[in-house]
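Okay, thanks for coming, everyone.

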Number of protein chains: 2
Amino acid sequence: MSRLLRIAQVAPLYERVPPALYGGTERVVSYLTEELVARGHHVTLFASGDSRTKAKLVAPTARALRLDGQPRDDLAFHILELARVFEHPRDFDIIHCHVGHLAFPFARLAGASTIHTLHGRLDLPDTFAVFKHFRDQPLVSISHAQRQPFKGLGVNWVGTVYHGLPLDQFPYSRRGGDYLAFLGRISPEKRPDLAIALAKRLGVPLKIAAKVDPVDRVYFQREIEPLLGHPLVDYIGEINDHDKPGFLGAARALVFPIDWPEPFGLVLIEALACGTPVIARRRGSVPELVLHGRTGFIVDTLEDMEQAVRSLDRIERAECRRDVETRFCVERMVDGYEAIYRSLASQARSA
Amino acid sequence: MSRLLRIAQVAPLYERVPPALYGGTERVVSYLTEELVARGHHVTLFASGDSRTKAKLVAPTARALRLDGQPRDDLAFHILELARVFEHPRDFDIIHCHVGHLAFPFARLAGASTIHTLHGRLDLPDTFAVFKHFRDQPLVSISHAQRQPFKGLGVNWVGTVYHGLPLDQFPYSRRGGDYLAFLGRISPEKRPDLAIALAKRLGVPLKIAAKVDPVDRVYFQREIEPLLGHPLVDYIGEINDHDKPGFLGAARALVFPIDWPEPFGLVLIEALACGTPVIARRRGSVPELVLHGRTGFIVDTLEDMEQAVRSLDRIERAECRRDVETRFCVERMVDGYEAIYRSLASQARSA
């Protein structure tokens with residue numbers, strides 16, 4: 001089956017594709033889209049107008065919504081985006097949505113071959129009724145753990161596809177450095193306080209590259225900022241894509257002490273791709289992404305984290321890189337989606 | 001044309017229908033629904049499960065969303081509501097939506113006979129593209145002034161229908177009292193400060209019956225609360241439907257010093273129904289609702305407002321009531337909507 005497909009990729013409009021800085025979903029949509037184009041498919045990307053892609057771009061808004069400081073009617077732009085896709089369902093063999101439940105009624109009413117990758121946490125009871133109502137819609141999870149809250153809802157899972165990275169953008173660093181790295185957002189559920197406590201206990205330097213969202217500003221000022229004066233702790237703010245591989249590759253380990261069921265910790269595989277092992281708490285997708293004792297350590301307590309740092313010599317950096325090449329490269333992700341696209345498109349043809 | 005119609009009324013889910021306290025849209029939907037039922041139509045009301053109606057009630061949520069204190073995914077419930085309506089479009093001769101642009105793609109993709117009453121302000125440029133895209137959708141404005149920001153968009157206006165009141169719920173009060181009344185929300189665009197300034201200048205008592213939304217709490221504390229200590233000013237908080245006619249009917253006049261283009265000031269006709277004249281600033285729908293010199297005064301400045309209070313003796317309370325009986329009673333509103341329903345339903349049959 002090497003037939004080329006006409007594929008729509010429907011991205012959220014909050015960040016451009018790929019994002020300038022933070023933005024996991026739009027980043028993954030970009031990796032996926034560019035690889036599909038490279039394979040010869042006819043891809044139309046629905047995304048903000050400042051996106052950069054080799055696909056055909058259809059933009060319901062000139063600029064990504066989150067960058068325009070003013071308050072905006074996000075919903076109006078996403079309705080417009082989905083209308084543009086689903087009013088011409090025959091233009092596509094498959095429509096791949098990354099915008100959550102808003103796309104469900106469009107897909108059903110248009111009778112279009114559609115899959116929805118769910119990028120967020122699913123343990124939000126307010127959404128259960130809408131997922132149940134649309135339980136025929138083909139859903140893709142980004143980890144097995146992500147599905148857990150939907151047990152018993154009877155939704156139509158058609159696969160789990162792990163995120164994958166373009167490895168040329170994450171060069172392997174054979175030798176790490178001496179510091180622990182924390183990368184992402186400063187927020188209570190990311191537990192930067194635990195990373196700082198770990199560094200102090202062990203007397204090891206910690207570098208924090210993280211943004212602070214407006215909603216987390218009070219938490220940052222009250223709980224985290226007072227801890228940043230310590231000589232071992234270096235807070236460097238938000239970093240861009242260009243600086244990220246260097247920051248990760250030069251670390252001794254990535255610390256990921258999360259306290260929420262993160263459906264896929266993208267930074268885990270970014271660190272591993274650079275050869276840097278990860279120390280991650282046992283929540284959400286962590287047990288699927290980390291090979292305990294081979295690419296890092298899965299931990300529960302601060303004591304476990306201390307023990308893990310002391311055991312880092314047992315981890316081979318080459319093994320970390322190898323695991324990403326095998327399980328978390330963009331080619332592997334796109335193989336997964338292509339198989340689902342072909343299966344659904346052929347069902348639609350024979351229907 | 002006395003044929004009975006199968007009608008869906010699609011209400012927002014934020015307040016029950018009718019609301020316990022504040023909530024203009026859900027209140028109007030209730031008046032409309034009950035009168036349609038009284039006329040013999042087969043009406044299905046889509047609304048929160050705690051609504052009270054003689055129509056058939058279909059509830060995508062057990063309780064109104066705003067009363068449940070917790071943060072909620074409002075969108076999920078409204079998607080579910082619209083899916084339930086538009087997945088069975090042949091069950092209805094007409095679907096009447098009160099939920100804004102979210103309903104547009106449902107109506108178009110389902111090919112259903114639908115009208116949308118727009119209840120909010122329309123001067124929000126973020127929404128222009130979505131209205132333009134769906135410019136075939138039949139829209140009803142609640143005043144002529146409301147349409148102004150859409151000039152040139154080419155949308156499909158099928159009528160203006162003023163809100164109407166069930167007059168038995170607003171008994172006429174032949175004699176007013178000595179105080180000025182302010183009723184609604186405490187917020188900068190409602191200008192309660194002007195009402196207070198007016199009372200002080202004239203030495204006339206003012207009663208304020210108003211709620212304070214969380215978003216307006218700082219404004220209330222900084223700008224309004226310090227003014228409430230004055231012996232002429234009586235702040236009585238939010239009042240319920242039962243107490244409202246008494247509060248309005250016993251006033252000398254309602255003061256409505258708004259500083260935004262309010263598309264329909266429901267409280268204006270509530271006061272007039274009780275026989276109480278209104279003093280309202282020339283914004284939005286005010287010039288359509290108030291007959292200057294007959295049911296009250298249309299003003300621009302604080303000086304105009306002073307002059308208006310001094311001229312109140314020229315207004316006959318009976319004339320205020322009469323104007324509501326003529327132009328703003330529920331029967332008149334439902335006549336307006338019935339005519340639009342029949343016109344669209346007959347177009348659909350002949351299409």
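**A glutamine and its neighbours**

Let's start with B:Gln137, whose side chain is joined to that of B:His116 by a polar contact of 2.8 Å. By polar contact I mean a pair of N or O atoms within 3.5 Å; within protein, one must be able to donate a hydrogen and the other to accept it, and residues adjacent in sequence count only if both atoms are side-chain atoms.

Before I go on, the ground rules. This is a predicted model, where local features need pLDDT of at least 70 and side-chain atom pairs count only at pLDDT 80 or more, while totals for chains, interfaces and linings use all residues. Residues are numbered from 1 along each chain as its sequence is written, chains are lettered from A and ligands numbered from 1 in the order in which they are written, and side-chain values use heavy atoms, with hydrogens and water left out.

Back to B:Gln137. You'll find B:Gln137 in the loop between helix 4 and strand 6 (138-141) of chain B. Helices here are DSSP runs of H or I with at least four residues, strands are runs of E with at least two, and both are numbered from the N terminus. Is B:Gln137 buried or exposed? B:Gln137 is buried, with a relative accessible area of 5%. The cut-offs are under 20% relative accessible area for buried, over 50% for exposed, and partly exposed in between (1.4 Å probe, protein chains only). Setting aside neighbours within four places in sequence, B:Gln137 is in contact with B:Phe104, B:Ala107, B:Arg108, B:Thr114, B:His116 and B:Asn156. Contact just means heavy atoms within 4.5 Å.

Two of the residues on that list, B:Phe104 and B:Ala107, are also among the buried residues of helix 3 of chain B, together with B:Ala103, B:Pro105, B:Phe106 and B:Ala110. Just after helix 3 of chain B comes B:Gly111, with a positive phi of about 60°.

**Where the chains meet**

On to the interface. How many residues does each chain bring to the contact? The answer is 26 residues from chain B and 26 residues from chain A. Together the two chains bury about 2200 Å², 72% of it on carbon and sulfur atoms. Buried area is the accessible area (1.4 Å probe) that two parts lose on being put together, summed over both.

Across this interface there are eight residue pairs in polar contact, both residues at pLDDT 80 or more. On the side of chain B that touches chain A, helix 2 (74-86), helix 3 (103-110) and helix 4 (128-133) of chain B each supply at least two residues. The largest share, eight residues, comes from helix 2 of chain B.

There are also two salt bridges between chain B and chain A. For a salt bridge I need a side-chain nitrogen of Lys or Arg within 4 Å of a carboxyl oxygen of Asp or Glu. One pairs A:Arg108 with B:Glu87 at 2.8 Å, N to O. A:Arg108 lies in helix 3 (residues 103-110) of chain A and B:Glu87 in the loop between helix 2 and strand 4 (94-97) of chain B, so the pair joins two chains. A:Arg108 is partly exposed at 26% relative accessible area, and B:Glu87 is partly exposed at 22%.

**Pairs inside chain B**

Over all chains, the count comes to 52 salt bridges. Take B:Asp93 and B:Arg6, whose closest N and O atoms are 3.1 Å apart. B:Asp93 lies in the loop between helix 2 and strand 4 of chain B and B:Arg6 in strand 1 of chain B, so the pair ties together parts that are 87 residues apart in sequence. B:Asp93 counts as buried at 15% relative accessibility, whereas B:Arg6 is partly exposed at 33%.

Another salt bridge is B:Lys190 with B:Glu262, again with closest N and O atoms 3.1 Å apart. Both B:Lys190 and B:Glu262 are buried. B:Lys190 also turns up among the residues that B:Trp260 touches, not counting residues up to four places away in sequence. B:Trp260 counts as buried too, at 11% relative accessibility.

**One last feature**

Finally, look at the prolines. A cis peptide bond joins B:Val17 and B:Pro18, with omega about -5°, and in chain A the peptide bond from A:Val17 to A:Pro18 is cis, with omega near -5°.
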